[in-house]
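Morning, everyone. I have one structure to walk through today.

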Amino acid sequence: MKKFALAYAMNDSLSMFTREDLNCLTHINLAFGLVDGDQLDMGQLTNVGLIEEFRRWNPEVKIVLSIGGWGAGGFSEMAMTEAGRENFARSCLEAAERFGLDGMDIDWEYPCGSQAGIASDPRDKENFTYLLQALRDRLGSRSLSIAAGAGDYFVRDTEMDKVAGIVDYVQIMTYDMRSGFTRQAGHHAALRASRGDTSGLNTMDMVEMFHKAGVPLEKLVIGAAFYSRQWEGVENRNNGLLQPAETTGQGGPGYSEITEEFIRQGGYTKYWDEEAQAAYLWNGNKLISYETPEAIALKCRYVKAKGLLGIMYWEHGCDQTHELVRTIGREIL
């Protein structure tokens, strides 16, 4: 079975794709469309016209619109009624036809949860399923996918067994597993657990969780991070790993910003966690968790060994060296 290599790209990052990048990918997820009442709003995607060039570079690439993202509301209200869901699905079909899109990707962060400052309701659990069914009915042969939070909260607050029967694939966001809500410094996108880490905050445990919830392995896509997470005021033990910090895990530099000069000036030492199969930087006070070509290659090999569908990444503009996407292309395609 052909594996998927999917790039999430925000509007400003679309101009950063090269012909070689396109040959490393099967899909580009345009980030983001928004929910406006019961209609799809694509107003912020001013570079959508670039997809014509992408198709010239790689006629096989699929262009998918991702709808939502962190802090993007309107889902709970729109999905609350059958009319709202149907009107939204109809507007998605109209956009797909207008722009020649190959599919829709729902990135509702998150059903039943307001941690991103959006409205939520306990009925979101069932309404999420109903919304996806309405989209499935309208989109016909076009693909339908979701971006799923990498945590037990997402499985608890959705009906993943039913969702799996509706969508073509489920993309688990196996990054930010330690994040802006976490004061324990550690890996945010690790493949496996570090020694002594029983939190389950790693890619392999998330895959098992979603599989047990009813998602076939061949419908699962895991995520790679092209950006870092960082903690400050970290207790100086175990090279900072799994230690308490004064801050939560804040967004850190993109991969292409983590240069040898950056490492030297910050007084960092590079570390490789063999158990987690993940990299990090540590300078006695600050820990930066990030993905390297080696870490991403190991994720790709896990995809193939486990029989998963593929790998996706957030976000294309965070690596202007193009090294990470080319690692994915070599390993997956």
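Four elements each put at least two residues into the lining of the largest pocket: β1 (4-10), α6 (152-156), α8 (203-212) and β9 (227-231). Bear in mind that this is a predicted model. The volume of this largest pocket is about 750 Å³. Its lining has 32 residues. Which of them lie nearest the centre? Trp70, Glu109, Tyr110, Asp176 and Arg229. By class, the lining of the largest pocket splits into 17 nonpolar, 10 polar and 5 charged residues.

Now the second largest pocket. About 220 Å³ of space lies there. The largest share is from β11, with 3 residues. In total, 15 residues line this second largest pocket. Nearest its centre are Tyr255, Ile258, Lys270, Tyr290 and Thr292. The lining of the second largest pocket divides into 7 nonpolar, 4 polar and 4 charged residues.

On to the aromatic rings. A ring pair is described by the distance of the centres and the angle of the planes. The count comes to 17 aromatic pairs. Start with Phe54 and Trp57. Their ring centres are 6.1 Å apart and their planes sit at 40°, so this pair is tilted. Both residues belong to helix α2 (residues 51-57), 3 residues apart, which puts about one helical turn between Phe54 and Trp57. Buried or exposed, Phe54 and Trp57? Both are buried.

Next, Trp70 and Tyr110. This aromatic pair is edge-to-face, at 6.3 Å centre to centre and 65° between the planes. The pair links distant parts of the chain, 40 residues apart. Trp70 is in the loop between β4 (62-68) and α3 (75-78). Tyr110 is in the loop between β5 (103-107) and α5 (124-139). Trp70 has a relative accessible area of 47%, so it is partly exposed. Tyr110 is at 10% relative accessibility, so it counts as buried. Recall that Trp70 and Tyr110 are also among the residues nearest the centre of the largest pocket.

Ring pairs link Trp70, Phe75, Trp108, Tyr110, Phe128, Tyr153, Phe154, Phe181 and Phe210.

Last stop: helix α10 (residues 293-306). It has 14 residues. From first C-alpha to last, α10 reaches 20 Å, close to the 20 Å expected at 1.5 Å a residue. Which residues of α10 are buried? Pro293, Ala295, Ile296, Ala297, Leu298, Lys299, Cys300, Tyr302 and Val303. What covers these buried residues? The cover includes α8, β8 (220-225), β11, β14 (310-314) and α11. After α10 comes Gly307, with a positive phi near 80°.

Setting aside residues up to four places away in sequence, Glu331 touches Ala297, Cys300, Arg301 and Lys304. Of those, Ala297 and Cys300 are among the buried residues of α10.

That's the tour. Questions, please.

Conventions. Residues numbered from 1 in each chain as written. Predicted model: local features only at pLDDT ≥ 70, side-chain atom pairs only at ≥ 80, totals over all residues. Heavy atoms only, no water. 1 Å grid on protein atoms, 1.4 Å probe; cavity = no way out; pocket = protein on both sides within 12 Å on 5 of 7 lines; lining within 4 Å. Points joined across faces, edges and corners; volume = space filled by probe spheres on them. Nonpolar A, V, L, I, M, F, W, Y, C, P; charged D, E, K, R; others polar. Phe/Tyr/Trp six-rings, centres within 6.5 Å; stacked < 30°, edge-to-face > 60°. Buried < 20%, exposed > 50% of the residue type's maximum accessible area, 1.4 Å probe, protein only. Contact = heavy atoms within 4.5 Å. Expected span 1.5 Å × (residues − 1).
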